[in-house]
Amino acid sequence: MTTTIGWVSDYNEYGGGETTEKEFIDRCPRNIKLIKMFGGKNIDTTCDFYIINNFRALAEIQLDYFIEKKKYIMAFRDVIDTRHDSLIRRMVKNACANIFLSPLHRKEFFKKFNIKECSHVRIIAPYFNCNKYDRSSEKVLDICWAGNIQHHKGIEECLLWARDNYRVVMFYGKGDSQLIDQINYSKYAVYKGYHEDISPILALYKYFIHLPDKIEAFGRTCMEAHLSGCKIIRNGKIGMFSWDTFDDIEDTIERIQKQPSLFWDTVKSYFVVN
């Protein structure tokens with residue numbers, strides 16, 4: 001018999017959170033039928049269980065449905081989203097498990113929503129295809145930034161750092177047009193456009209810079225840069241660096257490969273899959 005699981009999420013085409021979702025969805029076990037409910041679609045009430053990601057698009061009555069049923073896991077929730085604050089506390093309490101991407105993600109989430117620590121917490125890092133990142137290439141370029149160009153990503157802080165250190169930062173990505181104009185106007189920055197696969201570019205750089213304004217649950221591009229052999233200029237707001245096991249690159253790769261199995265084993269532990 002196949003177990004049916006509903007994956008509930010606000011889904012966008014571009015962003016680290018959405019990439020993390022896709023990596024785990026793509027590695028769903030064969031004996032689980034996954035029904036994707038993205039962007040506030042009506043909830044399929046026939047599912048045996050639910051995985052709830054970001055839910056800004058959902059109405060409160062839909063969230064109340066999950067709270068009442070208590071057949072769900074909260075996974076990968078963003079720290080910066082503040083809609084439905086009063087319901088979040090109830091959802092965390094009634095969830096079978098709450099999955100976070102890093103120790104910092106868990107800490108800041110509970111702090112932000114004034115939630116006491118609970119026993120049903122799991123910390124599972126994102127998955128990466130480590131084979132696509134090249135650490136052996138000669139580093140012929142200096143420093144870059146890559147990602148979704150938005151204010152909370154610390155673009156202004158990176159530009160200030162570049163100016164103060166007389167370094168020219170290369171920016172890769174897409175997003176806020178005014179921020180892109182700001183990058184273009186700076187003599188310490190060059191906008192290089194959007195590249196769907198950033199791994200060949202990271203392989204060429206000695207340094208990667210990321211100075212976000214707000215807490216990032218993990219920081220996918222920082223891990224991509226790490227896997228590519230870049231030294232990372234950062235602040236204390238990136239969840240990846242709250243792990244104590246990502247310093248050694250070989251240990252990092254081994255741990256990353258285990259994350260999908262760890263995630264789905266956690267999900268399956270709350271119901272019987274025949």
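In which sense do strand β7 and strand β10 pair, and over how many bridges? Strand β7 (residues 141-149) and strand β10 (residues 205-210) run parallel and are joined by three bridges, where strands are taken to pair if DSSP finds at least two bridges between them, and where helices (H or I, at least four residues) and strands (E, at least two) are DSSP runs numbered from the N terminus. Within this pairing, Leu141 stands opposite Tyr205 of β10.

The model is a predicted one, in which local features need pLDDT of at least 70 and side-chain atom pairs count only at pLDDT 80 or more, whereas totals for chains, interfaces and linings use all residues. Residues are numbered from 1 along each chain as its sequence is written, and side-chain values use heavy atoms, with hydrogens and water left out. The mean pLDDT, the predictor's confidence in each residue on a scale from 0 to 100, is 88 for the protein, and 93% of the residues score at least 70. Confidence is lowest in helix α2 (residues 60-69), with a mean of 81, and highest in β10, at 98.

Strands β7 and β10 belong to an open sheet of five strands with parallel pairing, in the order β9-β8-β7-β10-β11. Its edge strands, β9 (189-191) and β11 (231-234), each pair on one side only. Neighbouring strands of this sheet are turned against each other by 30 degrees on average, direction ignored; axes here are lines fitted to C-alpha atoms, for helices over the stretch in contact, and angles run from 0 to 180 degrees between N-to-C directions.

Helix α6 (residues 177-185) packs on this sheet and touches β7, β8 (169-175) and β9, its direction making about 130 degrees with that of β9; contact means heavy atoms within 4.5 Å. Helix α8 (residues 220-227) lies across β7, β10 and β11, and runs at about 165 degrees to β10.

Helix α6 also packs with helix α5 (residues 155-165), at an angle of about 5 degrees and with the axes 11 Å apart. That makes α5 roughly parallel to α6, a term for angles under 35 degrees. The contact is made by Ile155, Glu156 and Leu159 of α5 together with Leu179, Gln182 and Ile183 of α6.

Strand β5 (residues 97-100) is joined to β6 by three bridges, the two running parallel, and Asn98 has Val121 of β6 as its bridge partner.

Methods: Angles under 35 degrees count as roughly parallel, over 145 as roughly antiparallel, 65 to 115 as roughly perpendicular and the rest as oblique.
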